[in-house]
Amino acid sequence: MIKPKISVVTSSYWRPDFLRRCIQSVQKQSFEDYEHIIVSDHDPFTKAVCDEFKDDSRIRFVEITEPYIYNLGAISFNTGIEMANSDYICYALDDDLLYENHLLEHYNYLKRNELASVMSNEEELQFSPPDDNAANILSHSFDMLRNHDNKISGYADVLVLSHTKQIGLDKKWMTQQELGGQWEDNVFMRGLGSIGTIDCPTALKLQWGGISKRDTKGVDSDYYNLLMDKLVEDPTEPSGYKLVADSPYAYPQFKDTLYG
């Protein structure tokens, strides 16, 4: 494999419909010399989603097989960093979207400056009850999301972070369990030291799930139930489940509507 210039790492956990859209946003990058490492953290849907992108050799599927430990992406991120073939790492969260300039801005900054890490600006779209459900969010195209009235300048998190592979190997991500409940991304980013800044938005963060919905894998109950209907328990699988449906998507009607 020819060495890519930058590696995109995605942690995937119980959001197959969103993961597909995340992958599509990465494929829309103006900077095309990348690899996209998608790590399944005990998720029964990720491989089926990745299989639909087999024609794109830049996409690499990885599955964590060790016993599950509750985390917010730390284990997947460490795995992706270790497996990366490039010298630079950035992130694409499975339910968020990258703007077309993301990789170009991050790669150019990291190559041009001596700092080992950089953060760009992000935009944030908060979906509040009763609109904080997968069906509603997935019904929005990219243009609808980007031009939404509720979109604001968001806080900076791992979605808009890039760094050298070496500093990622040196610092490593730690789980909340290891950190005594502290936020994983905050601790990791503090450990990077001086972080450069790109003064333009390069990604859109969707606020809708999270730890408040931990009993339903961080998603709304309707979405969770539709996903569960596609599974049977299987202790031989890392996730504990086997996908038995023809499609991994709860809402296949939105499968290709992001840019359509």
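## Salt bridges around E123

In this predicted model, R146 is partly exposed, with a relative accessible area of 32%, and R146 forms a salt bridge with E123 in which the closest N and O atoms are 4.0 Å apart. Because R146 lies in helix 6 (residues 142-146) and E123 in strand 6 (residues 117-126), this pair ties together parts that are 23 residues apart in sequence.

E123 itself counts as buried, at 15% relative accessibility, and its side chain also meets that of K151 in a salt bridge (3.3 Å, N to O). K151 lies in strand 7 (residues 151-153) and E123 in strand 6, so the pair ties together parts that are 28 residues apart in sequence.

## Other charged side chains

A search of the whole structure finds 15 salt bridges, and one of them joins the side chains of R60 and E35 (3.0 Å, N to O). R60 is buried, with a relative accessible area of 19%, and E35 is likewise buried, at 0% relative accessibility.

K165, found in helix 7 (residues 165-171), is buried yet has no salt bridge, since the nearest side chain of opposite charge, D87, is 7.1 Å away, and a salt bridge requires the atoms to be within 4 Å.

The buried residues of helix 4 (residues 102-112) are H102, L103, H106, Y107, Y109 and L110; seen down the helix axis, they fall within an arc of 165°, so they line one face of the helix. On the other side of helix 4, K111 and R112 are exposed.

On the surface, L72, W183 and I211 form a nonpolar patch with about 280 Å² of accessible area together.

Note on methods. Residues numbered from 1 in each chain as written. Predicted model: local features only at pLDDT ≥ 70, side-chain atom pairs only at ≥ 80, totals over all residues. Heavy atoms only, no water. Patch = residues over 30% accessible without salt bridge, like charges linked within 9 Å, V, L, I, M, F, W, Y side chains within 5 Å. Areas by Shrake-Rupley, 256 points an atom, 1.4 Å probe, with all protein chains shown as cover. Helix = DSSP H or I, 4+ residues; strand = E, 2+ residues; numbered from the N terminus. Buried < 20%, exposed > 50% of the residue type's maximum accessible area, 1.4 Å probe, protein only. Lys, Arg positive; Asp, Glu negative; His and termini not counted. Arc of directions from axis to C-beta.
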